[in-house]
Amino acid sequence: MARRKWIVATTLLAVAVTLAAAPLPPAWKNWRCSRAIKLPPADATRLAAIVVPEEVFQQSRTELPDLRVIDDLGGEAPFVMRTREGSTNTVSISTRLVENSFAPGDYTQIVLDLGARTPFHNTVEIQTTETDFIEWVSVEASDDARLWRIVQPRAPFFRFEKQFLTGTQTVSYSENNARYLRIRILDQEKRFPVTGASVLYKTVTAAEKTPLEATFTPSAPSSTDRSAWTADFGGPGMPPSGVRFDVAAPAAEFIRSVEITASSDGKDWQPIAQGEIYRYRQAQAAQEQLDVSIPSGGEQGRYWRVEIVNRNDAPLEGVALHLFATPRHIFFEQQPGRNYRLLYGQSRAEAPQYDLSRRLEAKQEDTAVAGEVGPEEENSGYSDPRPWTEKNGYFLWIVMGIAVIILGYSAIRSLRRSSADSTHNS
């Protein structure tokens with residue numbers, strides 16, 4: 001019995017190795033890697049979805065132009081690649097400034113009238129000519145401009161143009177449809193210059209996130225008023241979409257600007273993103289923003305540096321940095337009786353264009369059957385699509401070396417012939 005089990009196990013292993021080493025169809029010989037897509041059987045054509053594994057980015061370019069889905073007959077299956085990056089929908093509301101005053105020793109106050117039929121709103125953007133400042137702002141709402149209720153007791157409002165930091169000039173508050181807003185900038189010493197204000201209604205859809213493995217270590221900052229951390233990514237990988245800051249001291253209150261730069265050599269740094277992190281108490285609740293988003297697209301470099309701008313404040317203690325990314329989802333139509341594979345690792349491929357991208361609606365994505373992606377398999381029939389000279393760069397160096405030798409030899413012979421002729425003539 002034991003011998004029979006061993007034979008069965010050996011046979012299954014041999015089959016597995018054979019399958020792993022099996023070449024892709026000839027039409028796909030230029031694709032280095034593939035992964036089986038595991039899906040429940042389908043009785044009719046239906047939409048299927050998979051998540052692109054992080055390891056795929058190590059064999060492809062950032063935007064994954066060489067990704068393909070094929071069936072077990074070698075046919076190309078059209079697909080759509082989507083990300084759930086989150087979104088912000090903003091509706092501007094007509095606003096009239098009815099008061100702009102200063103109470104010495106207390107605050108600068110503005111009052112806004114949003115009209116008789118006021119829709120719901122939750123954000124105010126304050127316009128000012130001030131370039132370098134940090135203030136606290138409170139917001140109150142009223143239906144009749146007599147009885148006021150607090151909708152935002154304390155929120156930060158700042159900008160530092162000398163340090164190229166845009167800061168934040170928008171203040172969020174509890175959603176309401178009151179006609180009047182009263183905004184107080186809590187600077188007791190001077191009148192704060194307010195040139196206008198806009199009222200908005202913002203709805204935010206959170207982005208999908210997946211953690212990335214990257215180790216940030218403390219490093220030398222670009223200036224003495226900053227704290228800095230760097231990470232070496234080592235090579236290509238899934239592009240980050242944000243940085244999360246963990247601050248160990250839960251009682252600490254802070255508002256700090258953040259700058260993220262990248263470099264290919266660890267010497268010349270290019271800006272990638274900037275933002276603000278903060279934590280402060282508001283009545284009995286803590287207001288907190290500890291994520292900084294990273295725009296998609298562009299070369300980002302092997303080395304990353306994240307800096308917190310402390311200005312004259314003490315550096316934050318117990319800070320840990322975590323990278324996260326936005327997963328890529330692949331949607332394609334599963335046909336009955338067919339099996340599928342995900343292909344990648346083709347250095348010359350361009351991104352495909354399919355009609356499916358125009359036919360597929362966002363609401364249909366929620367109905368897709370979720371599939372799983374198997375382990376990476378090397379294409380045993382792989383053929384490098386690069387030109388022969390590019391694959392064998394050393395040959396060009398040999399040719400150049402031979403050419404230099406021949407030219408040098410010709411030059412020496414010419415010099416000797418000229419010298420001999422001169423001697424003969426004399």
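A residue is called buried when its relative accessible area is under 20%, exposed when that area is over 50%, and partly exposed in between (1.4 Å probe, protein chains only). The structure described here is a predicted model, in which local features need pLDDT of at least 70 and side-chain atom pairs count only at pLDDT 80 or more, whereas totals for chains, interfaces and linings use all residues. Residues are numbered from 1 along each chain as its sequence is written, and side-chain values use heavy atoms, with hydrogens and water left out.

Glu307 belongs to strand β23 (residues 303-309) and Arg226 to strand β17 (residues 226-232), so the pair ties together parts that are 81 residues apart in sequence. Strands here are DSSP runs (E, at least two residues), numbered from the N terminus. Glu307 is buried, at 3% relative accessibility, and Arg226 is also buried, with a relative accessible area of 15%.

A salt bridge between the side chains of Glu377 and Arg341 has an N to O distance of 2.8 Å. This pair links distant parts of the chain, 36 residues apart: Glu377 lies in strand β29 (residues 377-378) and Arg341 in strand β26 (residues 340-344). Glu377 is buried at 18% relative accessible area, while Arg341 is partly exposed at 22%.

In a further salt bridge, the closest N and O atoms of Lys190 and Asp187 are 2.8 Å apart. Lys190 is partly exposed, with a relative accessible area of 40%; Asp187 is buried, with a value of 9%. Salt bridges also link Lys209, Arg244, Asp246 and Asp291 in a network.

An open sheet is formed by 6 strands in the order β6-β7-β13-β9-β10-β11, with antiparallel pairing; two strands pair if DSSP finds at least two bridges between them. At the edges stand β6 (96-103) and β11 (165-168), each with a single partner strand, so one side of each is left without a neighbour in the sheet. Within it, Arg96 has Asp113 of β7 as its bridge partner.

Terms used:
A salt bridge is a side-chain nitrogen of Lys or Arg within 4 Å of a carboxyl oxygen of Asp or Glu. Helices (H or I, at least four residues) and strands (E, at least two) are DSSP runs, numbered from the N terminus.
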